[in-house]
Amino acid sequence: MTGTATMWWSSKPMARDAELNKYTGKNEKTKIIVKLTAEGATAPPREPAIDARTQNEMMAFWYKKQEEAKKLVEDDDVSFGNSEWANPSGLKNQLQGQAGIKFKPM
């Protein structure tokens, strides 16, 4: 690149006459990465938030979760709802000694 350049940081052009602490604050240990482009050019492209390998791993994980969810939706086995262990007031009845009592409607 020849000629004048523009420094870009945080997707904003940096003024030539401004000090860096205008952009980064007073912390002396701050590390910034500045990109250079030709004068009058558009902003440089942003870097991806995650690398390609990590993105592929995440997509595979969520695809597996989605497939498991589809299988659970297709499996409409609700026979467990009539089991004794699925009774929402079973613990209370057991603690009060009413576990073996059956009521018949009249």
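## Close-up views of a predicted model

**View 1. Strand 1 and its two partners.** Strand 1 and strand 2 (residues 12-14) run antiparallel and are joined by three bridges. Strands and helices are DSSP runs numbered from the N terminus (strands E, at least two residues; helices H or I, at least four). Two strands pair if DSSP finds at least two bridges between them. Trp-8 stands opposite Pro-13 in strand 2. Strand 1 (residues 5-9) also pairs with strand 3 (residues 35-38), in the antiparallel sense, over four bridges. Here Thr-6 faces its opposite residue, Thr-37 in strand 3.

The model is predicted: local features need pLDDT of at least 70, side-chain atom pairs count only at pLDDT 80 or more, and totals for chains, interfaces and linings use all residues. Residues are numbered from 1 along each chain as its sequence is written, and side-chain values use heavy atoms, with hydrogens and water left out.

View 2. Two residues lie between the strands in the hairpin of strand 1 and strand 2. Most residues other than glycine have a negative phi. Ser-10, not a glycine, has a positive phi of about 60 degrees. Ser-11 likewise has a positive phi of about 60 degrees without being a glycine. Ser-10 is partly exposed because its relative accessible area is 44% (buried means under 20%, exposed over 50%, partly exposed in between; 1.4 Å probe, protein chains only). Ser-11 is also partly exposed, at 44%.

View 3. Glu-47 forms a salt bridge with Lys-35, with the closest N and O atoms 3.5 Å apart (a side-chain nitrogen of Lys or Arg within 4 Å of a carboxyl oxygen of Asp or Glu). Glu-47 lies in the loop between strand 3 and helix 2 and Lys-35 in strand 3, so the pair ties together parts twelve residues apart in sequence. Glu-47 is exposed, at 59% relative accessible area. Lys-35 is partly exposed, at 28%. The whole structure holds three salt bridges.

View 4. Glu-57 and Arg-53 form a salt bridge, their closest N and O atoms being 3.5 Å apart. Both lie in helix 2, four residues apart, about one turn of the helix. Arg-53 is exposed, at 57% relative accessibility, and Glu-57 is partly exposed, at 45%. Lys-70 forms a salt bridge with Glu-67, at 3.7 Å between the closest N and O atoms. These two residues of helix 2 are three residues apart, about one turn of the helix. Lys-70 is partly exposed, at 42%, as is Glu-67, at 25%.

View 5. Ile-50, Met-58, Phe-61 and Trp-62 form a nonpolar surface patch, with about 420 Å² of accessible area together. Patch residues have over 30% relative accessible area and no salt bridge; like charges are joined within 9 Å, nonpolar side chains (Val, Leu, Ile, Met, Phe, Trp, Tyr) within 5 Å. Areas come from the Shrake-Rupley method with a 1.4 Å probe; for residues, only the protein chains shown count as cover. Met-58 sits in helix 2 (residues 52-74). Trp-62 is exposed, at 51%. The count of aromatic pairs is one. The rings of Phe-61 and Trp-62 have centres 5.2 Å apart and planes at 80 degrees, so the pair is edge-to-face (rings of Phe, Tyr and Trp, its six-membered ring, pair with centres within 6.5 Å; planes under 30 degrees apart are stacked, over 60 edge-to-face, the rest tilted).
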